[in-house]
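User: I would like to go through the labels on this model one at a time. For each, I want the value and the rule behind it.

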Amino acid sequence: MLFPALAGAAAAAAVTAGFHTMWPTSQLYGRTFTGNGRNSRQLALTFDDGPNDVHTQKLLEVLDRHAVKATFFMIGKYVEQRPEIVRAVAQAGHAIGNHTYSHPNLIFKNRFEVRRELRECSRALRAVLGNYSRLFRPPHGGRRPEVLRMVRACELIPVMWNVSGWDWKPHSPEEIARKIQQQVRGGDVILLHDGSHERIGTDRSNSVKATDLILRRFKDEGYEFVTVPEMMKLHENPHQFAPVAG
Ligand SMILES: [Zn+2]
């Protein structure tokens, strides 16, 4: 029989373990990039779950108006369905990363399924772009050591976030911008969505408008918007995340 205190501790440990598989800035289950820490005047906008017409295109217009480059984590099956949008994002100078082929929570998948999701998305992106950034973001932020080992074995670089607009909930553009403003400290990776894993065509106009508000506000305050590869200085140190044996 377990003593009640021990049973409680075991339950707490199980909750903590679950928490760390999903919490974006946790490093317990392996190193992931979540930003550069305070005292930086750089911010990186990231957009997940596209390509998604017409909102990805609207977002490109906003980013172009502000002369800002961002990072897009795309779903492979949508890449296959909307290659022209993927090409437009790349041609505008934004970074593009892998967000799996069909957006499952990888903590519930075995290593072969994880590898297939990573490779199929890579294949879809390479078919359109020739090559891409090697950045990877796990769907729902879900990862555990075996997932991250497979990510690195596939020569991908795991990227999380430390600021969220919570824009998958029905918030107004002002609410999304306010939530982000409350969290930004400098050197942040900001999570927003130009699409939805549920379907292409999901309305993301509030996220697009919020992006415009965020860009106005933080550029006025002297922040510089960069892509994730720029923030990570990947061009200076491409071996920083050398793949490990899977
Ligand atoms: Zn996603």
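**Labels and their grounds**

Analyst: Thr100 is buried, as 27 other C-beta atoms lie within 10 Å of its own. The cut-off is 20 or more. Keep in mind that this is a predicted model.

User: Where is Thr100 found, and what is its phi?

Analyst: Thr100 sits in the loop between β3 (95-98) and α5. Its phi is near 75°, a positive value in a residue other than glycine. Most residues other than glycine have a negative phi.

User: What makes Asp49 count as buried?

Analyst: Asp49 has 26 C-beta neighbours inside 10 Å. Buried requires 20 or more, so Asp49 qualifies.

User: How do you know that the peptide bond from Gly50 to Pro51 is cis?

Analyst: By omega, which is near 0° for the bond from Gly50 to Pro51. Pro51 is placed in the loop between β1 (42-50) and α2 (55-65). Most peptide bonds are trans.

User: Which other residues does a cis bond join, with omega near 10°?

Analyst: Asp53 and Val54. Val54 is also in the loop between β1 and α2.

User: Why is Glu117 called buried?

Analyst: Its count is 25 other C-beta atoms within 10 Å. The threshold is 20 or more, so the label holds for Glu117.

User: In which helix is Glu117 found, and what is it in contact with?

Analyst: Glu117 belongs to helix α5. Leaving aside neighbours within four places in sequence, Glu117 contacts Thr100, Tyr101, Ser102, Pro104 and Leu106. Thr100 is the loop residue with the positive phi. Glu117 and Ile75 are 42 residues apart in sequence, with 9.8 Å between their C-alpha atoms.

User: Which residues meet where α5 contacts α6?

Analyst: On α5, they are Arg111, Val114, Arg115 and Leu118. On α6, they are Glu146, Val147, Met150 and Val151. By class, this contact has 5 nonpolar, no polar and 3 charged residues.

User: How many residues are in the largest nonpolar core, and which have the most contacts inside it?

Analyst: The largest nonpolar core has 60 residues, and Met74 and Ile190 have the most contacts inside it. α5 gives the most to this core, with 6 residues.

User: Which residues is Ile190 in contact with?

Analyst: Leaving aside neighbours within four places in sequence, they are Leu43, Ala44, Leu45, Thr46, Trp161, Val163, Gly165 and Ile180.

User: What share of the whole chain is buried?

Analyst: Buried residues make up 43% of the 246 residues in the protein chain. The chain has 9 helices and 8 strands. Among contacts between residues at least 6 apart in sequence, 79% join residues at least 24 apart.

Key:
Residues numbered from 1 in each chain as written. Predicted model: local features only at pLDDT ≥ 70, side-chain atom pairs only at ≥ 80, totals over all residues. Contact = placed C-beta atoms within 7 Å. Helix = DSSP H or I, 4+ residues; strand = E, 2+ residues; numbered from the N terminus. Nonpolar A, V, L, I, M, F, W, Y, C, P; charged D, E, K, R; others polar. Core = buried A, V, L, I, M, F, W, Y, C linked by C-beta atoms within 7 Å. Buried ≥ 20, exposed ≤ 12 C-beta atoms within 10 Å, placed from the backbone.
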